[in-house]
Amino acid sequence: MRLNKSFIFAALLVCVVLTVAIAGCIGTTTPEEQTPVEIDVYAAASLTGVMTELGNKFMAENKNIKVNFNFAGSQTLKTQILEGADADLYISANNAQFTPVVDAGLIGEKKILLKNKLAIAVPKANNKNITDLAGMAEKDVVLVIGNKDVPFGQYTRDIINKYQNDSHDGYVDAFMANVKSEVDAVDKVKPLLVLDEADASLVYKSDISKADKDDITLIELPDKYNVIADYPYGIINTTKNPDAVKAFESYMTGPVGTALLKDYGFDPVAA
């Protein structure tokens, strides 16, 4: 009888050891051993700097996931997605270019990533001595602005209308008379300022990086004239790699992403 009990105990012990060993084998799959996947993130051009750095950090920590970015004006991204582009995540610079994608049934849940403000950008030399909105409407000033179809162009028009309505009659006409170029993405403004082909523009504060400030100066706008821009985002319903996209989303809204967004001048909502 004593021999039988010992035998049974030994057998049970062997079973436990084997079970643990099998479970351990199943759970030791490393990220490098997982099936590589790629995700396509469509992001507003004003996010180019921060998202490029964020993506590189994410991929360094997630070897099996490659993040491909498509940076452009939000109106361009919206059109591409509505026409069937193979996007997994869409980050817009405003709601106007985001809502049609939701209405088309391509995004189930809308979230807000961050908030942003506009400022006056002038070349370092600032030869026209522009220090405020009034200076942008002075004679012989050359302006470059966003066209009316892109968020920062829409916000530019909102700002100058607010300024005119604050007892500055005729301001909008004087401002627009100085506009020599209208562009479809904010990253096309900086070369014109650096090459002295324009004297000023209204851009997102986050568009001027630390490196850019060697050539371009930002002038803050009073909040009563400014526009606080929401950056909505959402996962495309047809994504083939939902786990990978959610992993990137968590990284983007987590401690690393939040710190990077702040470093680039944004106000992350998750902060």
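1. In this predicted model, the side chains of E182 and R157 form a salt bridge, with an N to O distance of 3.0 Å. The two partners come from distant parts of the chain, 25 residues apart: E182 belongs to strand 7 (residues 179-183) and R157 to helix 6 (residues 151-165). E182 is partly exposed at 43% relative accessibility, whereas R157, at 17%, counts as buried.

2. A salt bridge also joins the side chains of D212 and K190 (2.9 Å, N to O). D212 sits in the loop between strand 8 (201-204) and strand 9, and K190 in helix 8 (residues 189-194), 22 residues apart. D212 is buried because its relative accessible area, 18%, is under 20%; K190 is partly exposed at 23%.

3. K117 and D223 make a further side-chain salt bridge, at 3.1 Å from N to O. These residues are 106 residues apart, K117 in the loop between strand 4 (111-116) and strand 5 (118-123), D223 in the loop between strand 9 (216-220) and strand 10 (229-235). D223 is exposed, with a relative accessible area of 53%, while K117 is partly exposed at 23%. The count of salt bridges comes to 9.

4. The largest pocket holds about 190 Å³ of space. Its lining includes K205, S206, D263 and Y264, and divides into 3 nonpolar, 3 polar and 4 charged residues.

5. The second largest pocket has a volume of about 160 Å³. Of its 13 lining residues, S46, T48, G49, K190 and D207 are the closest to its centre. Helix 2 (residues 48-61) gives the most to this lining, with 3 residues.

Note on methods. Residues are numbered from 1 along each chain as its sequence is written. This is a predicted model: local features need pLDDT of at least 70, side-chain atom pairs count only at pLDDT 80 or more; totals for chains, interfaces and linings use all residues. Side-chain values use heavy atoms; hydrogens and water are left out. On a 1 Å grid over the protein atoms alone, a cavity is a set of points where a 1.4 Å probe fits but cannot get out, and a pocket is an open set with protein on both sides within 12 Å along at least five of seven lines; lining residues have an atom within 4 Å of a point. Grid points are joined across faces, edges and corners, and a volume is the space filled by probe spheres set on the points. Ala, Val, Leu, Ile, Met, Phe, Trp, Tyr, Cys and Pro count as nonpolar, Asp, Glu, Lys and Arg as charged, and the others, Gly among them, as polar. Helices (H or I, at least four residues) and strands (E, at least two) are DSSP runs, numbered from the N terminus. A salt bridge is a side-chain nitrogen of Lys or Arg within 4 Å of a carboxyl oxygen of Asp or Glu. Buried means under 20% relative accessible area, exposed over 50%, partly exposed in between (1.4 Å probe, protein chains only).
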